[in-house]
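Please look over this model with me. My notes follow, point by point.

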Amino acid sequence: MGLQDVFFQLKLPFDSPAARTLSTRIAERIMLAAYEASADLAERHGPLPAWNETRTAHGVLHPDHYNTTPHWPDRWNALRERIAATGLRNSLLLAIAPTATIASIAGVYECIEPQVSNLFKRETLSGEFLQVNTYLVQELKNLGVWDATTREALRDANGSIQNFTQVPADVRELYRTAWEIPQRGLIDMAAARTPYLDQSQSLNLFLETPTIGKLSSMYAYAWKQGIKTTYYLRSRPATRIARAASNTNAGATVPVPAQTTPEDAVACSLENPESCEACQ
């Protein structure tokens, strides 16, 4: 979890080639550590039962099933020699969980996902609180445009800054939400890290207005890219922020804005996947 935090700090748009490369490198580094830890356990307690029947015992590690070039080849070679001598204590090692609750506790963005909004409501036993993307706030302060007008505009735009003309284009690109990032980018990033995950990953996909055409194209593309599984399909109405903040001192209530329905897009299908707006 916290991958989006890393990209914000490094100023990398979520679907950029540099972000994909970094994500894959992180996954590779974690897999190396997992293999090495399992080899440590094997040295102390012996390899897993039926070790000799596994593909790993014959020198085939998980990344070998993919056409990928490791970033640390020397470390992988040393690991292979060690595994050949000691074996592994575990048959499977890695999966990416949703982490929604613990990410909230830790104060980072959950799982491997982009942010859902720059502004959202959190409900606790103490009441309801509006939370703002702190990275965006600092960026807007640096630009000198973080004021009451901007805050109200952010609420009116349901946490999006894509229509904020006073904000540079590169900043708007960096702080796109999951609804504003092409889903092809999320799928490609997940596919790029798959060689370094021997189980699977919690991969949510986001469509504001799902149709059978969009869904068939998106999931067919994910399958062709080698994605093992996906998690939830998120649709926009379930995640809109509710403007329910009230001023008890003044006795006034902030009105809830009317929900707008996006214009219907041309649905694609398996026959013309390149026209799917969710994959562009």
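1. One aromatic cluster is formed by Phe 8, Tyr 109, Tyr 135 and Tyr 175. Rings of Phe, Tyr and Trp (its six-membered ring) pair if their centres lie within 6.5 Å; planes under 30 degrees apart are stacked, over 60 edge-to-face, the rest tilted.

2. The model is predicted: local features need pLDDT of at least 70, side-chain atom pairs pLDDT 80 or more, while totals for chains, interfaces and linings use all residues. Numbering starts from 1 along each chain as its sequence is written, and side-chain values use heavy atoms, without hydrogens and water.

3. The whole structure holds eight aromatic pairs. Phe 8 and Tyr 109 make an edge-to-face one, 5.8 Å centre to centre with 70° between the planes. Phe 8 is buried at 1% relative accessibility. Tyr 109 is buried at 16%. Buried means under 20% relative accessible area, exposed over 50%, partly exposed in between (1.4 Å probe, protein chains only).

4. What does the side chain of Glu 139 make a polar contact with? The partner is the side chain of Tyr 175, at 3.3 Å. A polar contact is a pair of N or O atoms within 3.5 Å; within protein, one must be able to donate a hydrogen and the other to accept it, and residues adjacent in sequence count only if both atoms are side-chain atoms. Glu 139 is itself buried, at 13%.

5. The charged end of Arg 184 sits over the ring of Tyr 221, 4.3 Å from its centre. The test is NZ of Lys or CZ of Arg within 6 Å of the ring centre and within 35 degrees of the ring normal. Arg 151 sits likewise over Trp 146, with its charged end 5.4 Å from the ring centre.
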